[in-house]
Amino acid sequence: MDLRRGLALYLDEVALGRTLSENTLKAYSSDIAQFVAFAEGERVTTTTECDLELARSWVWSQAEAGVAGATLRRKVSALKRFSSWLVGAGHTKGDIAARLRTPPSSNSLPRVMGRAQMEEILQALSLIHISEPTRLRRI
């Protein structure tokens, strides 16, 4: 089956099943469309031509492009769901993304401002007159 046709059928079925929120559906649609475009760039146009190495190459290209970790994990999730659906619907024999690993999440806490930084911000804010809202936005 043609990858673009498979994508359209998958999105139709997911939309009808209402298993994803509207925002998730939009994100997954975009993610899988990006995978399909990548595959076409690699001269892969059908579901039977897709393989794990193509999926890994796409994930690598996204990471190299600077895609954030959480976004990359969502993209991998979208591809895994699509690949699983292709198998279940009989459009391909093997689940190319079943062994695809998501990049690990960062377990570190976000950096917080120190006391000196907060005092500096509060000092700057105390010097601004309320009658100057545009100046307040520039801080």
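What follows is a short talk through the fold, the helix packing, the salt bridges and the surface.

Biologist: What should I know about the source first?
Modeller: This is a predicted model, in which local features need pLDDT of at least 70 and side-chain atom pairs count only at pLDDT 80 or more, while totals for chains, interfaces and linings use all residues. Residues are numbered from 1 along each chain as its sequence is written, and side-chain values use heavy atoms, with hydrogens and water left out.

Biologist: How many helices and strands are there in the protein?
Modeller: Six helices and zero strands. Helices (H or I, at least four residues) and strands (E, at least two) are DSSP runs, numbered from the N terminus.

Biologist: What percentage of the 139 residues is buried?
Modeller: Buried residues are 27% of the 139. Buried means under 20% relative accessible area, exposed over 50%, and partly exposed in between, with a 1.4 Å probe and protein chains only.

Biologist: At what angle do the axes of helix 1 and helix 2 cross?
Modeller: At roughly 170 degrees, and the axes come within 10 Å. That makes helix 1 roughly antiparallel to helix 2. Axes are lines fitted to C-alpha atoms, for helices over the stretch in contact, and angles run from 0 to 180 degrees between N-to-C directions. Angles under 35 degrees count as roughly parallel, over 145 as roughly antiparallel, 65 to 115 as roughly perpendicular and the rest as oblique.

Biologist: And helix 1 with helix 4?
Modeller: Those axes come within 11 Å and cross at roughly 95 degrees. Helix 1 is therefore roughly perpendicular to helix 4. On the helix 4 side the contact (heavy atoms within 4.5 Å) is made by Arg 81, Phe 82 and Trp 85.

Biologist: Switching to charges. How many salt bridges?
Modeller: The count is six, where a salt bridge is a side-chain nitrogen of Lys or Arg within 4 Å of a carboxyl oxygen of Asp or Glu. One of them pairs Arg 4 with Glu 40, with the closest N and O atoms 2.8 Å apart. Arg 4 is in helix 1 and Glu 40 in helix 2, so this pair ties together parts that are 36 residues apart in sequence.

Biologist: Which residues are linked in a network?
Modeller: Asp 31, Arg 74 and Lys 75 are linked by salt bridges. Asp 31 is found in helix 2 and is buried, with a relative accessible area of 1%. Not counting residues up to four places away in sequence, Asp 31 also touches Trp 58 and Ala 78.

Biologist: What about pairs within one helix?
Modeller: Glu 22 and Lys 26 meet at 3.5 Å, N to O, and they are four residues apart in helix 2, so about one helical turn separates them. Both Glu 22 and Lys 26 are exposed.

Biologist: Which residues form the nonpolar patch on the surface?
Modeller: Met 113, Met 118, Ile 121, Leu 122 and Leu 125, with about 420 Å² of accessible area together. Patches are made of residues with over 30% relative accessible area and no salt bridge, with like charges joined within 9 Å and nonpolar side chains (Val, Leu, Ile, Met, Phe, Trp, Tyr) within 5 Å. Accessible areas come from the Shrake-Rupley method with a 1.4 Å probe, and for residues only the protein chains shown count as cover.
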